[in-house]
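Here is a short report on one protein model. It goes from a sheet to a single strand, then to the domains.

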Amino acid sequence: MKARLDHIGIAVADAAAATAWYREHFGLQVAHVETVDSQKVTAHFLPAGECLLELLEATAPTSPIATFLEKRGPGLHHVALAVDDIHAALGALKAAGVRLIDEVPRPGAEGALVAFVHPSAAQGVLVELKQPAVGARAGHLATVPLFRGPAKTTLGDLELVSLSDGFFALDGGAMFGVVPRTLWETKLPPDDRHRIPLGLRPLVVRGAGPTVLIDAGCGDKMDAKSAAIYGLDRRYHLDHSLADAGLAPEDIDVVIASHLHFDHIGGFTSRRSDGTLVPRFPKARYVAHAGEWHDATHPHERNRASYLPENFQPLMDAGVLTLVDDDAEIVPGLRYRRSGGHTAHHQVVTIASGGRTAVFAADMYPTAVHLPDPWVMGYDLYPVDTLAFKRAFSREAIEREYVVFFEHDPSMAAGYLRESAGKRTVERVL
Ligand SMILES: [Zn+2]
Ligand SMILES: [Zn+2]
């Protein structure tokens, strides 16, 4: 474990006076104020370089901060260290015999998980361990608003329901390929580990015919180490999202894969308590592209980390997986359209009803920020093919007013691509 200084907590009697003092004498401004009801405190955060000062004011006489002020007067209250995996950190401390106040983490400000180490074990200092929420920068500086859903729109006779399997985070540089950081960091600011927050947004299509699910997020099989690397946040996941949309896993008739990367099909299978892997949607037939299947089952050094057999092999073994070719119509109105680029056989899924079209763009437009044609991910195996697809597709999507679904956008599920006076924008739908 290597912890990073996140903030220094200071108990104050009068936050307004204290924040004015720091502003006047040190030029520090309040970036964020949050009341934590469980602790009966209001926290004022003042960024000071890479970390922050947190000025804590009691909101009730029973607040721990009120008790602290009574006993000791205003002063240094705690030091907060950020860690990537708070459960692992607490486990290691416990094993080493370090006295803890919290053996299990609890929710802190801004969606973080926190736990306290007893001052008697830490040279007289109260130490807060903190695992920041995905999308939060060191120092609680909120980056982009996270949108979860579920959110619905209609297309002809169909209902399109954007779901969520939570959020994760990937290296911002890798997400934008050759585009310099100075251009993208204002739109999707990275955290202190250079990662940007991303959504995991499967899509349900339902109407008179079968109920279809396109992609299924990361699922619940990821080990703790990978989950920490990818900043996986599944406190709210696909089961919650399905339930909030009035659906159960048994209601899904067809499951379609845009491609077989773990962040798209991790949720296709689940592990039973006896360790066996089974299809996650018990009544569904699953559909994948034959060429993508070939590549996933013959990985090389550059794509091996993305193709995890646990996500797709059990489907073939269970006899529920159908492999199809380019442009296959999977159910009436829903078809594959080959994009290539990201992988050789990456597919977008087009949905047509009532003369209108929606497109599940998967990793062709991972976020709405990837709107410019040359903003192509460094992950793409054939970036020039991605560019060619986007060039043609964007023109078509603008002219025909496609509803485009952004599977990884942290803040938006779908939108129209618009162009006016040569400038492109995304008009949000969901
Ligand atoms: Zn992918
Ligand atoms: Zn992806």
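## Strand pairing

Two strands count as paired if DSSP finds at least two bridges between them. The model is predicted. In it, strand 9 and strand 10 (residues 158–162) are joined by five bridges and pair in the antiparallel sense. Ala 151 stands opposite Ser 162 in strand 10.

Seven strands form an open sheet with mixed pairing, in the order 9-10-13-14-15-18-19. Strand 9 (151–155) and strand 19 (321–324) each have a single partner strand, so one side of each lacks a neighbour in the sheet. These two strands stand at the edges. From one strand to the next, the twist averages 20°.

Helix 9 (residues 290–297) lies across strand 18 (285–289) and strand 19. The helix runs at about 80° to strand 18.

Is strand 8 (residues 127–131) largely enclosed or open? Five of its five residues are buried, so strand 8 is largely enclosed by the rest of the structure. In a regular strand, side chains alternate between the two faces of the sheet. Here Val 127, Leu 129 and Gln 131 point one way, while Glu 128 and Lys 130 point the other way. All are buried.

Strand 5 (residues 75–82) runs parallel to strand 8, with four bridges joining them. Ala 80 stands opposite Glu 128. Strand 7 (residues 113–117) pairs with strand 8 in the antiparallel sense, over five bridges. There Val 117 stands opposite Val 127.

## Domains

The domain assignment gives domain 1 (4–131) and domain 2 (151–428). Their centres, taken over C-alpha atoms, are separated by 39 Å.

Methods
Residues numbered from 1 in each chain as written. Chains lettered and ligands numbered in written order. Predicted model: local features only at pLDDT ≥ 70, side-chain atom pairs only at ≥ 80, totals over all residues. Domains from an automatic or database assignment. Buried ≥ 20, exposed ≤ 12 C-beta atoms within 10 Å, placed from the backbone. Axes fitted to C-alpha atoms, helices over the stretch in contact; angles between N-to-C directions. Contact = placed C-beta atoms within 7 Å.
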